[in-house]
Amino acid sequence: MSDRDTNSNVQNTNNDNAELEDLNEILKVRRVKLSELQNSGKDPFKIVKYDVSHSTKYIVDNFESMEGTNVSIAGRLMSKRGMGKASFCDVRDRDNKIQIYVKADVVGAEVYEDFKKFDIGDIVGVKGEVFRTNKGEKSLKVQEIVLLAKSLQPLPEKWHGLKDVDLRYRQRYVDLIVNHDVRENFIVRSKIIKAIRKFLDERGFLEVDTPLLNTIPGGAAAKPFITHHNTLDMDMYLRIAPELYLKRLIVGGLERVYEMGRMFRNEGMSVKHNPEFTLMEVYEAYTDYKGMMDLTEQLISTVAQEVLGTTKITYQGQEIDLTPPWNRMTMVEAVEKYAGVNFDDITSDEEARSIAKEKRVHIDGEPTKGEVLNMMFEEFAEEHLVQPTFIMDYPVEVSPLTKRKPDMPSFTERFELFITSREMANAYSELNDPIDQKGRFLSQVAKREAGDEEANMMDEDFVTALEYGMPPTGGLGVGIDRLVMLLTDSYSIRDVLLFPTMKPKE
């Protein structure tokens with residue numbers, strides 16, 4: 001290491017120590033202020049209620065009719081300017097912020113002296129008159145101001161400039177305080193979920209709840225989280241999908257059901273994956289996967305129009321058109337288009353594996369032709385699927401819960417939706433043949449016994465349910481977090497989860 005590097009490291013260390021000392025001093029000062037308030041009988045934490053008449057957004061949006069009106073607001077102090085006999089401050093509540101004007105001869109000398117000790121980040125209640133300043137800014141002329149909660153931690157001045165970006169996710173509460181865009185994303189998330197429910201409810205779907213604790217982790221190929229029930233003295237699994245329960249409800253005659261909730265998969269973490277995530281599954285009797293395609297493009301385009309006011313969006317610099325109809329192609333067609341291999345011409349598993357090796361696709365063991373086709377699709381085609389595209393007709397080997405195509409029994413009536421090269425939805429014509437279903441479960445059990453921890457377990461009760469008769473049914477699963485990422489132009493799944501999974505700090 002050069003002397004210059006050494007000097008630089010020493011300088012950085014000194015700066016960090018100075019910042020730490022400054023922070024410690026600020027923490028001490030704020031605690032002293034709180035102690036003084038408590039000793040003088042003005043403990044803000046003893047206030048249990050404050051009546052709010054209007055939000056700042058309502059006042060700003062309806063200023064012409066509100067001007068001259070007395071209102072009460074509450075929120076967090078985000079800035080202070082001036083400090084003589086009059087001061088301007090910004091107060092932010094959930095939806096917006098407004099400037100307040102505090103004057104000593106209006107609120108009283110004692111109140112003003114107390115106010116001068118307020119810190120950025122403190123939560124206040126304000127009563128006053130709506131007015132416009134000489135510079136034309138919409139404001140509130142304060143008649144009364146009350147400290148409702150003392151902020152003992154200083155707000156960061158340049159939140160995005162912090163070296164440890166993970167801190168935004170670890171301390172989401174601070175992220176929400178200082179970053180309006182972050183707050184807005186989560187408000188949009190809530191609106192998206194509300195719009196989804198409205199869309200389905202209006203079409204006669206019934207929202208239901210199914211167990212999070214499962215004795216068999218079924219409905220998806222995923223590694224589950226395992227827990228233990230003490231009274232029953234048995235291992236249980238956090239659900240990886242609600243599919244098998246929802247299809248039991250179709251057997252029971254509910255015909256149109258959906259569930260939106262948390263799933264748990266003990267898998268890797270990335271910008272696209274979090275161990276717990278929100279999934280919605282929808283099941284409709286008497287339709288098939290093509291009906292689910294129509295439902296999917298109507299659902300997503302309707303939600304985009306309702307929440308964003310458009311079906312043409314930008315994601316990470318790419319223009320995406322969500323206007324139906326969307327592109328549709330089979331997996332075989334996609335692999336032929338992007339890898340130059342026509343699997344209709346391949347006659348054996350050995351030939352498929354040989355072609356995969358020629359294309360330098362990594363394979364383990366002896367995968368079947370269908371499994372190789374799926375590998376080739378993931379390797380060569382997915383990255384090209386930027387605009388909304390339905391990829392249809394998956395091999396039966398990778399679709400254990402899906403009905404076979406009557407004219408092509410080695411393929412299933414399944415599609416996945418891709419947008420921005422990411423899987424957004426997965427849907428089937430649901431397998432309702434109990435004999436075929438049991439055979440596929442047995443095939444999955446064999447894979448599991450061979451070491452595949454993500455293979456399905458045998459679910460005898462689900463097979464029994466199918467034996468009572470399930471009508472032809474279409475099923476759909478939509479990754480809600482990925483949809484929110486798309487509609488809020490968020491790069492990472494952590495940006496749309498309020499509290500993403502994080503490794504604890506040591």
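On one side of helix α14, Ile-435 and Glu-449 are exposed, where exposed denotes over 50% relative accessible area, buried under 20% and partly exposed the range in between, for a 1.4 Å probe and protein chains only. The model is predicted, so that local features need pLDDT of at least 70 and side-chain atom pairs count only at pLDDT 80 or more, whereas totals for chains, interfaces and linings use all residues. Residues are numbered from 1 along each chain as its sequence is written, and side-chain values use heavy atoms, with hydrogens and water left out.

The buried residues of α14 are Pro-434, Asp-436, Gln-437, Arg-440, Phe-441 and Gln-444. They lie on the same side of α14 because they cover an arc of only 155° around the axis, the arc being that of the directions from the helix axis to the C-beta atoms. Elements covering these buried residues include α9 (243-251), β16 (404-405), β17 (408-412) and α15 (460-467); contact here means heavy atoms within 4.5 Å.

Helices (H or I, at least four residues) and strands (E, at least two) are DSSP runs, numbered from the N terminus. At the start of α14, the backbone nitrogen of Ile-435 has a side-chain oxygen of Asp-433 within 2.9 Å. After α14 comes Gly-451, with a positive phi near 115°.

Helix α9, one of the elements covering α14, has Glu-243, Leu-244, Leu-246, Lys-247, Arg-248 and Ile-250 as its buried residues. These pack against β10 (256-264), β11 (276-285), β19 (422-429), α14, α15 and β20 (473-479). Just after α9, Gly-253 adopts a positive phi of about 100°.

Methods: A polar contact is a pair of N or O atoms within 3.5 Å; within protein, one must be able to donate a hydrogen and the other to accept it, and residues adjacent in sequence count only if both atoms are side-chain atoms.
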